[in-house]
Amino acid sequence: MVLKNSFACICLRGGFIHFKGAMSFMGTAARWAMACRRPLSPLCRVTARCYSSQSTHTTEKSVPYEKTLKQEDHLSGPTKPLPKSADVVVIGGGSLGCQTLYHLCKMGLTNVVLLERDRLTAGTTWHTAGLLWQLRPSDTEVELLAHTRNVVSSELELETGLETGWIQNGGLFIASNKQRLDEYKRLMSLGKAYGIESYVLSPAETKDLYPLMNVKDLYGTLYVPKDGTMDPAGTCTTLSRASTARGATVIENCPVTGIQVRTDHMDVKRVKAVETAHGTIQTPCVVNCAGVWATKLGKMAGVNVPLVAMHHAYVVTERIEGIQNMPNVRDHDASVYLRLQGDALSVGGYEHNPIFWDDVSDKFAFSLFDLDWDVFMQHIEGAINRVPALEQTGIKSTVCGPESFTADHKPLMGEAPEVRGFFLGCGFNSAGMMLGGGCGRELAHWIIHGRPEKDMYGYDIRRFHHSLTANNRWIRERSHESYAKNYSVVFPYDEPLASRNMRKDPLHQVLQDQRCVFQERHGWERPGWFNPDGSAPVLDYDYYGAYDVPKNTAYKYNELLGNEYTFDFPPHHDVIRDECVTCRNAVAVFDMSYFGKFYLTGPDAKKAADWLFTADVNKAPGSTVYTCMLNSKGGVESDLTVSRLEPGAAHLPLTPESTGDAYYLAIGGGVAQHNWNHIQTVLQDQGFRCTLIDHTEDMGMISIQGPKSRELLQEVLDTDLSNDAFPFSTHKIVNAAGHKVRAMRLSFVGEMGWELHVPKESCVPVYHAVMAAGAKHGVCNAGYRAIDSLSIEKGYRHWHADLRPDDTPLEAGLAFTCKMKSSIPFLGREVLEAQKAKGLRRRIVCFTIDEKVPMFGLEAIFRNGVPVGHLRRSEFGFAIDKTIGYGYIRNPDGGVVSPDFIRSGEFTLERMGVTYKATAHLKSPFDPENKRVKGFYSSVLDETGVHKARM
């Protein structure tokens, strides 16, 4: 027995299902549940916890839209003849496919084709709820959403004269506790930087706005008047017509059967053609917008598409008196949303036990699954609590369809690393409608110009290490956790519990035994901080107790994470302080082994290095240079160190074989895959004859930093560490406790120090030797939480925080990394020269505040009371005893942001609705003359960690 839509009506009464005209819930529902619950198959129980449904689906229409694009006449062939060739072929006629096609045409590319296997929207778009919320905890997403809203609310109608179905009824976020309201206040502050109207309302004000709402348990709400609702059929139809009017071809009822890939003269795989049963289209570019079918399409070209398909459901109520014109509601703490549907509501949410759809059917079009009430019932109680009128309201229809979900709840976009010309626009985690306009524009720009306009790293498929994108355990576990936590508060220091311990460096067990609390970055376990109260290992994922998986108990790591769920200073704030102060006063040891470690060699290595790197890295062998890599628009794709090597025979992993120029690249581990792909793409595009070799897994990296680092290491290394013998920004092969290592004199924390790049089999003995030598100097272990504080205090940038692909080195205060005084060309140089000539319209600024309150980024920046930007990154600096933040500011008049503009302004920062007077700094407030990194110490820190002059 399954629950069919033919039931006349279902009531939500007392949190339970009651069938009108039938027996009471306790009898009916119990028998229904016994009959409808589908046990997991034996296969699923024994293979990788493959919890999925084998449910059948119904093709009955039950979505709450007046119009869908489903047609009963089953056509036997394509709606239009296939062209012989196209510049771009977009596959998939849902939100992303239609938006990408439209924006390609708007940017002037008209020889483009969209192929849809059935009708437009037939896969997942047709049943989407279509909600659009303007505020998200990401500046990039706020901008993407703003563009979508502009396209559907005005641009398309002005262009075509057709209505898209946009309804601006506002949005209301519900807070049942202080932490949730603090999160909303953070969103409100960010919104002010973008001119987005929003208000924090009291429970009484909320009741005035939404009379049917129960506000007795509310802490407050966030109201955004210009949020709204989109219609999938209306939007996609209008996008299609606008595109065809500009010359595009939209072909429905034409499934793709294959992707042809060729190999060029440099052994690079490239898209050649798209195959269908009705013909082949020659094309250099394919865009995979196939939603839950994107994985199958990727396999046709040998491309990994790391997403999973899950059931996602909502129910549509009968008429509710007084609900008309009410805003859409997100009650995150109840994990439920209420979408206005004329004079009714659509009710949905995110549960901890979603149903996976493993056997994705190619015939599934305008289809829905039967709703599993065992799974969905958890949303009913929250919905009734928030709007009590639902208790006596019938359910008109159920909507349970497939949606695609990803490991970090972010879309998959950009050019696939496996095949050039194969682009992804999929995995939108039920947000394809609201993100479609912004992402469609960025994807179109990516295809035409080789990169997006905005910072899209968080969506770029290249963010994931290649070892993860085909790992089913990682994809499944992480996607489940992202789904289950979709409505959780976004705290600054949260970490995933799913698919941990995927990549561990040689020191992992040693540090875990010393009470390390690890962070996860794209598979790597890296040290976060050291817990004085004992070890806290990461356990196997328990699916939050879903699917009959025993929930982890007495889970200390999870308890420590829970203690950090605050927008105040975390409970172990003083522990991180101690790590930082020890580094400033004595010496600290950092395990940075997760760093990417690449060698660049070959006949054209020097040409490639000149073109790739902004700094002149062709100094004498033994030199190490901090540099950036840019894109064609001058944006920073990476910051890294490049060390020039002596030519010679191979002694791997420390030295590659080279008869000419060779370089050693050290790059932050979380972005190493992105860097690898950027370099490979540039090498391919320029035709450089080079080899890029990855030795990340073969070496560890131990960083020893602080005033006592030289004294410590002089006992471990067999070389003179004086300033004259081993100056800053140099490197050499040395012996460390009898083991060969590459020592580099560098710092990422603003202190004198060295990095030891160590073959993995030598990491543990070298580490023990360092710690033994440091005992008399007060050495301590320290993690990346300390690095975050120490580095911002010194003014060092973190890529993808205060340094991104949409920032130029000039804007980021990194002009010193650019060889502008030389005549050597490099990628992005012409853009920088033009920007320098015109003057900077935006610039990074350091801010400090006197009040002891934490900030985390996204806080609005005001100059003379006018919003001019927001913080990108913020931490507490223990040496200066202040909160420090970095953000890019603009001139409200559109003029140059000069040093005088900064000096002459009065600045404030808004944190969760409260403003704080801020001091703007043009240089780092800590050691602005860079004496400490060079070994010149004329001051110390007092016992509280505060900087003071040496007497």
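## Cysteines

A disulfide is counted here where two cysteine sulfur atoms lie within 2.5 Å of each other. By that criterion, this predicted model contains zero disulfides. Cys285 counts as buried, at 6% relative accessibility; the term buried denotes under 20% relative accessible area, exposed denotes over 50%, and partly exposed covers the range in between (1.4 Å probe, protein chains only).

Cys780 likewise takes part in no disulfide. The nearest cysteine sulfur to that of Cys780 belongs to Cys583 and is 7.7 Å away. Cys780 also counts as buried, with a relative accessibility of 17%.

## Basis of the values

Residues are numbered from 1 along each chain as its sequence is written, and side-chain values rest on heavy atoms, with hydrogens and water left out. As the model is predicted, local features need pLDDT of at least 70 and side-chain atom pairs count only at pLDDT 80 or more, whereas totals for chains, interfaces and linings use all residues.

## Salt bridges

The structure holds 51 salt bridges, a salt bridge being a side-chain nitrogen of Lys or Arg within 4 Å of a carboxyl oxygen of Asp or Glu. One of them joins Arg386 and Asp331, with the closest N and O atoms 2.8 Å apart. This pair links distant parts of the chain, since Arg386 belongs to helix 10 (residues 378–386) and Asp331 to strand 17 (residues 328–331), 55 residues apart. Helices (H or I, at least four residues) and strands (E, at least two) are DSSP runs, numbered from the N terminus. Arg386 is buried at 1% relative accessibility, and Asp331 is buried at 1%.

Glu321 pairs with Arg319, the closest N and O atoms lying 2.5 Å apart. Glu321 is exposed, with a relative accessible area of 56%, while Arg319 is partly exposed at 47%. Lys485 and Asp494 form a further salt bridge, with a closest N to O distance of 2.6 Å. Lys485 is partly exposed at 21% relative accessibility, as is Asp494 at 24%. Salt bridges with shared partners also join Asp139, Asp455, Arg804, Asp806, Asp807, Glu811, Arg842 and Arg872 into one network.

## Helix 8

Helix 8 spans residues 294–301, and its buried residues are Ala294, Leu297, Gly298 and Ala301. These residues lie on the same side of helix 8 because they cover an arc of only 100° around the axis, the arc being that of the directions from the helix axis to the C-beta atoms. An α-helix has 3.6 residues a turn, so residues three or four places apart point the same way.

The cover over the buried residues of helix 8 includes strand 4 (88–91), strand 12 (256–263), strand 15 (286–288), strand 16 (307–317) and strand 23 (422–426). Just after helix 8, Gly302 adopts a positive phi of about 75°.

## Surroundings of Thr221

Thr221 is part of strand 9 (residues 220–224) and is buried, with a relative accessible area of 0%. Apart from its neighbours within four places in sequence, Thr221 is in contact with Leu172, Phe173, Ile174, Leu181, Tyr199, Val200, Leu201 and Thr206; contact means heavy atoms within 4.5 Å.

The side chains of Thr221 and Thr206 make a polar contact of 2.7 Å. A polar contact is a pair of N or O atoms within 3.5 Å; within protein, one must be able to donate a hydrogen and the other to accept it, and residues adjacent in sequence count only if both atoms are side-chain atoms.
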